[in-house]
Amino acid sequence: MSDPIITLTTDFGTSDHLVASMKGVILNINPAARLVDLNHGVAPCDILDGALSIANCYRYFPPRTIHVVVVDPGVGTQRRPLLVSAEKQYFVAPDNGVLSLIYERESCTVRHISAEHYFLNPVSPTFHGRDIFAPTAAWLAKAFQTEAFGPEIADFVRFTMPKAKPAGQSVKGVVLRVDAFGNLMTNLTAEDVPAAMAASGEIKLAVNGKEVKKMVLTFGLGAPGEPVALFGSAGFLEIAVNRGNAARTLGVNRGAEVTLDLA
Amino acid sequence: MSDPIITLTTDFGTSDHLVASMKGVILNINPAARLVDLNHGVAPCDILDGALSIANCYRYFPPRTIHVVVVDPGVGTQRRPLLVSAEKQYFVAPDNGVLSLIYERESCTVRHISAEHYFLNPVSPTFHGRDIFAPTAAWLAKAFQTEAFGPEIADFVRFTMPKAKPAGQSVKGVVLRVDAFGNLMTNLTAEDVPAAMAASGEIKLAVNGKEVKKMVLTFGLGAPGEPVALFGSAGFLEIAVNRGNAARTLGVNRGAEVTLDLA
Amino acid sequence: MSDPIITLTTDFGTSDHLVASMKGVILNINPAARLVDLNHGVAPCDILDGALSIANCYRYFPPRTIHVVVVDPGVGTQRRPLLVSAEKQYFVAPDNGVLSLIYERESCTVRHISAEHYFLNPVSPTFHGRDIFAPTAAWLAKAFQTEAFGPEIADFVRFTMPKAKPAGQSVKGVVLRVDAFGNLMTNLTAEDVPAAMAASGEIKLAVNGKEVKKMVLTFGLGAPGEPVALFGSAGFLEIAVNRGNAARTLGVNRGAEVTLDLA
């Protein structure tokens, strides 16, 4: 069997010792672990951003991958640490909803990690990534005995993704995130955009008082400088500018409202 | 034989699921692959920046390394995906010139990746990094049978690096990039700077109406605050400020013109 | 025995070929090495920031880990390259004090790396990370024969961490760094804060003309928007804002003075 894979998703950034400490803890317990950095630039304390980040990539990983997801504003409070077994993979994360999209897409067994002998000792009240989540993943990767870590629970925290909503002759959505290119990922999906409209190449999408009129298959089919709509690789409607930056061109950021005109 | 090495260079940043998805795809196909992050901070859609990034480091890697380079503004359009065999290493990238400096320095066989059974299915029109380039690298790393991926081609896209140009009693160059220290990497090389001048420690380099007068061997030999010129580790003339930031001190950025006075 | 672990800490950022080149050199010499990125966002040329980064995480790593720490404003000058054997781990770094906190906490043998046959040839005057430190780590990871790399020395550079100082009825400290959340890590430790005060939950901490009045165990116990003090996971007193950004709320940055009122 190949070496176990442990991935890391956090909002810690990579300018100090935080992620580094988690890596050390994992390798110290399980030197065979293959560490994979997924994303340490989750918006600070932003559970939705963390949820989207892991949900948009986990399914590409091999069976038995263990994903550690630490976006944890409630660290050290009553919120529980969780070990989640999905159909083929594992997730270790705080019980704050950051795995909501995993629960939505997978059949999951959720455990409250309570077997303290796996934790670092003492456990710092401010850094469970290092003291609880990293050691749990490292020990789990030895024998994959999830039941050793704590009892199954049913009352874990989950939220529903903010969905686009019909409003008269239109659908109102929101910009979920802006990527490195300035592309705006909205929460509209193929269910919200009539297939005929998508196929026609014409759309009426209002954002920040401006209008996006063209629907294309990919970035390079927009005229340079012109905002266009397209379905991105994660299944959401995105607004982009070919060789430009849609966020800057349209003057919008995360959270901006988007209105699709169906008339 | 040791585990195959696959490196990743992209302009995706590391604040979302894009790079993460590529890693998942590679490990799912080839769990033995050793992933190495080279640079995910290539300037967005900037093919020259990507070309410089990979060209300045590939030769340090061991034989059989596979370099995946995804700076791909034309994703989903007619531009072809390429698999390039250099003398000892492999490159997987879009056919947009991002490997131009590799073609310049290595004897290469260039193939159009057309064997679709290696691709993810379906292939998204907006994310070939995940759906074409990552799986190609992962499958290649199993048996290194390049001919299985598609036919050799000769009409691949290549550009010539913008070279410094003589202009009367001077040479005109340009700032290619600014690094994390604020050092300005220009396109002037040892061929553009007379050896006697370089050895004398005196130089006349004009940039943004300011003058750089001193040529040194390394950063710490400049007086604090004073802009100096030196040959950087990639072979280009750089402008730096000892314990300072040349880009801020001189008020210039990428693309700024640099004039070397030969008189 | 498992594959050797080599970690990398630099101030190079990750937007070019610098870190990438070091990785290539290591893997070319020692393809079995497991590379672990610790932190490439050390503040440029900031030896104290680098010293804190490695000191706050090294002890979590397994025995025999080799830590490469390149914050090296004096590259190419007379400053020596060092190989340091601590009780269980190894450090490769320039002799400029970046390992000061390791010397303080571990019993160390310090060697001047002088065995030039391990270096890349030629050695660039501006990039010893690639040409000296990376190859040293890669060769060391083959047989762990430290004495082969050069003679023991005693006159290596070390500095003392700036400590908080009593000043009448108060203690004056400083903000050492700001993390990704905007939390302010000060140089005050549990020795500077009377235990009774820490336990009481009340504190009087002045920073930039503002006052922090509450001491809590963890971030989530502060009222939203309210600056609070707590002991962070690295043992230092930190100032944080629950689901906010203390640096922005208080208008301070690294280097700001902090006064703890003991009256």
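Predicted model: local features only at pLDDT ≥ 70, side-chain atom pairs only at ≥ 80, totals over all residues.
The size of an interface is often given as the accessible area lost when the parts come together. For chain B and chain C, that area is about 2500 Å², and carbon and sulfur atoms give 59% of it. On the side of chain B, the residues that lose the most area to chain C are B:Tyr60, B:Phe181 and B:Ser233, which together account for 25% of what that side buries. Counted by residues, the interface brings 31 residues of chain B into contact with 32 residues of chain C.

Chain B and chain C are linked by 2 salt bridges. In a salt bridge between B:Arg34 and C:Asp3, the side chains meet at 3.8 Å, N to O; this distance falls within the 4 Å cut-off for such a pair. Polar contacts join 11 residue pairs across the interface of chain B and chain C, with both residues of each pair at pLDDT 80 or more.

The side of chain B that touches chain C can also be described by its secondary structure. Strand β2(B) provides the largest share, with 5 residues. By residue class, the side of chain B that touches chain C comprises 16 nonpolar, 10 polar and 5 charged residues.

Contact between them involves 5 residues of domain 1 and 6 residues of domain 2. The two domains of chain A bury about 510 Å² between them, with 49% of this area on carbon and sulfur atoms. Within domain 1 of chain A, A:Asp49, A:Leu52 and A:Asn56 supply 63% of the area buried against domain 2, more than any other three residues.

Charged side chains also take part in the pairing of these domains. Between domain 1 and domain 2 of chain A the count is 2 salt bridges. The side chains of A:Asp46 and A:Arg254 meet in a salt bridge at 2.6 Å, N to O. The side of domain 1 of chain A that touches domain 2 consists of 2 nonpolar, 1 polar and 2 charged residues.

Methods: Residues numbered from 1 in each chain as written. Chains lettered and ligands numbered in written order. Heavy atoms only, no water. Contact = heavy atoms within 4.5 Å. Buried area = accessible area lost by both parts, 1.4 Å probe. Polar contact = N/O pair within 3.5 Å; in protein donor to acceptor, adjacent residues only side chain to side chain. Helix = DSSP H or I, 4+ residues; strand = E, 2+ residues; numbered from the N terminus. Nonpolar A, V, L, I, M, F, W, Y, C, P; charged D, E, K, R; others polar.
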